[in-house]
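Reader: I have a new structure to look at. Can you walk me through it?

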Amino acid sequence: MPTQRVMVVTAHPDDSEFGAAGTVAKLVRDGCEVTYVIVTNGSKGSSDRAMTSERLIRIREEEQRNAARTLGVERVQFLGYEDGEVEDTRDLRRDVSREIRRWRPDLVICQSPSRTYHLGASHRDHRTVGGVVLDCVYPLARDHLAFPELLPDYAPHKVREIYVMQWENPQLVVDIADVMDIKIKALACHASQFGDFAGLRRPEVASATQAGRRGAVGVLSTGSSQSAIFLFMSKSNPTNRPVVFDRLPISRRTGRGNSLTSVGVARIWPSRARMGC
Ligand SMILES: [Zn+2]
């Protein structure tokens with residue numbers, strides 16, 4: 001089977017590691033070529049009053065490149081939009097469509113466009129970028145009359161599959177227990193986003209923080225429940241009940257067809273019981 005191409009599009013440096021690093025590690029291990037597209041420059045993500053946006057942008061770009069290297073991601077594209085101020089503009093839709101057309105992924109992994117009670121996951125930039133990515137997959141990257149200025153360099157491209165990171169009502173599960181260590185290593189690359197990464201991994205912190213980025217890291221470290229999971233919806237799962245996969249469906253595809261056949265949701269919580277599946 002030819003190499004499958006995967007593109008992960010997120011709002012900020014570190015989003016891919018929190019939301020999809022285990023799955024990315026498995027995809028890389030299965031021979032997929034993974035591209036990251038990071039929409040913003042991460043210039044707001046610090047509680048250090050001595051930090052400047054200029055310094056932070058450089059730090060976070062390096063952290064993101066290190067995390068990507070840790071996971072075996074082939075390349076990282078930064079679009080450079082202002083952190084915290086992402087809008088659904090023609091410029092952003094064109095830029096994301098251009099990256100989809102440039103790298104021509106079979107699978108796109110993106111954030112959820114929905115507001116939920118999980119405040120960290122449904123950050124304004126995440127919602128905006130998630131919605132833009134879905135709009136670009138269908139129809140903007142596909143249609144040659146959309147963004148005519150991208151032609152002839154960036155020919156239309158049809159993405160076949162999407163995983164949407166989401167914490168509610170998951171529909172497909174990918175067990176990432178066997179790559180949990182590498183996910184944690186990748187997360188640790190984002191040192192500017194943690195006051196004390198090792199401290200966050202203590203079980204008491206894990207149990208105290210069930211939501212947000214600290215929760216994600218904490219839960220990842222709770223020993224026996226290290227089996228983070230991905231969830232997904234497809235026509236092959238008509239019961240709409242979660243299905244646990246050890247290997248990703250993308251690695252089993254036959255390459256038939258050229259249309260968008262499924263939309264998925266993904267989550268990183270490790271405990272199946274906690275997820276109710
Ligand atoms: Zn984020």
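This is a predicted model: local features need pLDDT of at least 70, side-chain atom pairs count only at pLDDT 80 or more; totals for chains, interfaces and linings use all residues.

Reader: What about contacts: how much comes from residues 24 or more positions apart?

Author: Among contacts with a separation of 6 or more, 81% are between residues 24 or more positions apart.

Reader: Let's switch to H4. How far does helix H4 reach?

Author: Helix H4 covers residues 124-140 and has 17 residues. From its first C-alpha to its last it reaches 22 Å, close to the 24 Å expected at 1.5 Å a residue.

Reader: Is H4 mostly covered or mostly open?

Author: Mostly covered: 12 of the 17 residues of H4 are buried. Among them are Asp125, His126, Arg127, Val132, Leu134 and Leu140.

Reader: What do the buried residues of H4 pack against?

Author: They pack against helices H1 (15-29) and H3 (90-103), and against strands S1, S2 (33-40), S4 (107-111) and S5 (161-165).

Reader: Back to S1, then. Where does glutamine 4 lie?

Author: Glutamine 4 is in the segment before strand S1, which spans 5-10.

Reader: Why does glutamine 4 count as buried?

Author: Because 21 other C-beta atoms lie within 10 Å of its own, and the cut-off for buried is 20 or more.

Reader: How far is glutamine 4 from proline 105?

Author: Their C-alpha atoms are separated by 7.5 Å, although the two residues are 101 residues apart along the chain.

Key
Residues are numbered from 1 along each chain as its sequence is written. Helices (H or I, at least four residues) and strands (E, at least two) are DSSP runs, numbered from the N terminus. Two residues are in contact if their C-beta atoms, placed from the backbone, lie within 7 Å. The expected span of a helix is 1.5 Å times one less than its number of residues.
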